[in-house]
Each structure stands twice: as structure tokens, then as C-alpha cells.
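Here is a short report on one protein model. Please look over the sequence and the fold first.

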Amino acid sequence: MSIPEITQQLLAAKQEKGLSFADLEKILGRDEVWIAAVFYRQASASPEEAKLLVQTLGLGPIYIQQLTECPLKGLGPVVPTDPLIYRFYEIIQVYGMPIKSVIHDKFGDGIMSAIDFTLDIEKESDPKGDRVKVIMSGKFLPYKKW
């Protein structure tokens with residue numbers, strides 16, 4: 001997976017400032033996962049959000065326009081090779097159909113929105129080793145009949 005040049009520059013500035021995505025969440029008033037999506041060009045910021053982000057990172061105003069443009073989303077047609085990203089791909093390969101079936105049992109025929117959607121990542125302490133808790137919440141969109 002190739003990382004866009006702007007992403008590399010944003011990440012370098014974030015590291016140079018010693019900031020985490022959680023720090024940026026407090027500054028921007030947006031969720032840390034959404035902010036990371038802006039960094040990776042999977043989401044677009046408003047002009048005000050982009051300006052505040054660019055100022056916080058100490059970058060030039062040229063970045064504001066780029067961060068407000070509608071991005072080309074997705075990883076592309078290849079299976080991801082990064083181990084962490086691949087595990088999510090593997091989870092969907094193994095549990096995708098069971099998740100789909102349970103959603104249909106509970107809601108009927110439809111989908112979970114990826115537009116009206118939130119995603120949170122939490123750290124859970126566990127005596128056997130810390131756990132990653134991923135919470136996805138998307139609006140249910142029923143298929144309509146006509």
C-alpha cells in the first residue's frame with residue numbers, strides 16, 4: 001500500500017510536534033479516528049477544520065485546499081499486506097456473512113451506512129494482555145420496495 005505524500009508530510013509534522021491523534025481530537029473537536037482518516041485522505045475537512053489542523057501542525061496554507069478536497073477512498077483492489085489491516089480483512093472474510101445474517105435477523109433486509117457512521121477505538125486492560133476494542137455504529141438503511 002502506498003501512502004500519499006501529503007499523508008507522509010502530515011504524519012511527520014504530527015510526530016515533530018509530539019502530538020497524538022487524541023491530542024488533535026481535543027484541539028479540533030472531532031474524533032481521533034476521523035482525524036486520522038483526514039490524514040490518510042479517506043475523509044475531507046471543512047476549510048475551518050483544515051486551517052486549524054494545518055496551523056496546529058505548523059504547516060503552510062497550501063495544505064488547506066488539499067485537505068478540503070473530496071478524496072478517492074479505499075485501499076484499492078489488492079488484499080492489504082500490513083498485518084494489522086489484513087486482520088480486519090480476515091475478520092470480514094471469516095465473520096462477514098455471520099455479521100450480515102445477524103444484522104438481517106435484527107433489522108431486516110438492508111445495510112449499515114458507512115456515511116452516517118462512527119468508529120471508536122478503545123484500550124481495554126486485561127490480565128492476559130491488553131485488548132483492542134473497536135466500536136462501529138452505522139445507521140441502518142433498509143432496502144425499499146417499489
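The notes below go through the helices, the core and the hairpin.

## Basis

This is a predicted model: local features need pLDDT of at least 70, side-chain atom pairs count only at pLDDT 80 or more, and totals for chains, interfaces and linings use all residues. Residues are numbered from 1 along each chain as its sequence is written, and side-chain values use heavy atoms, with hydrogens and water left out.

## Helix 2

An α-helix has 3.6 residues a turn, so residues three or four places apart point the same way.

At the start of helix 2, a side-chain oxygen of S20 comes to within 3.3 Å of the backbone nitrogen of A22. G29 follows the helix, with a positive phi near 70°.

## The core

The largest nonpolar core has 19 residues (a nonpolar core is a set of buried Ala, Val, Leu, Ile, Met, Phe, Trp, Tyr and Cys residues joined through side-chain atoms within 4.5 Å). L24, F39, L53, L57 and L67 touch the most other members. Helices 1, 2, 3, 4 and 5 (62–68) each supply at least two residues of this core.

Leaving out residues up to four places away in sequence, L67 touches residues including I6, L10, V38 and R41 (contact means heavy atoms within 4.5 Å). E49 lies in helix 4. E49 counts as buried because its relative accessibility is 14%.

## Helix 6

Helix 6 (residues 83–107) bends by about 60° at Y95 (the angle between axes fitted to the seven residues ending there and the seven starting there). A proline, P98, follows within four residues. At the start of helix 6, a side-chain oxygen of D82 reaches to within 3.1 Å of the backbone nitrogen of L84. Just after the helix, G108 takes a positive phi of about 100°.

## The hairpin

Strand 1 (residues 110–124) and strand 2 (residues 131–142) run antiparallel, joined by 11 bridges (two strands pair if DSSP finds at least two bridges between them). M112 stands opposite F140 in strand 2. The hairpin has 6 residues between the strands, and G129 takes a positive phi near 130°.

Key: Polar contact = N/O pair within 3.5 Å; in protein donor to acceptor, adjacent residues only side chain to side chain. Buried < 20%, exposed > 50% of the residue type's maximum accessible area, 1.4 Å probe, protein only.
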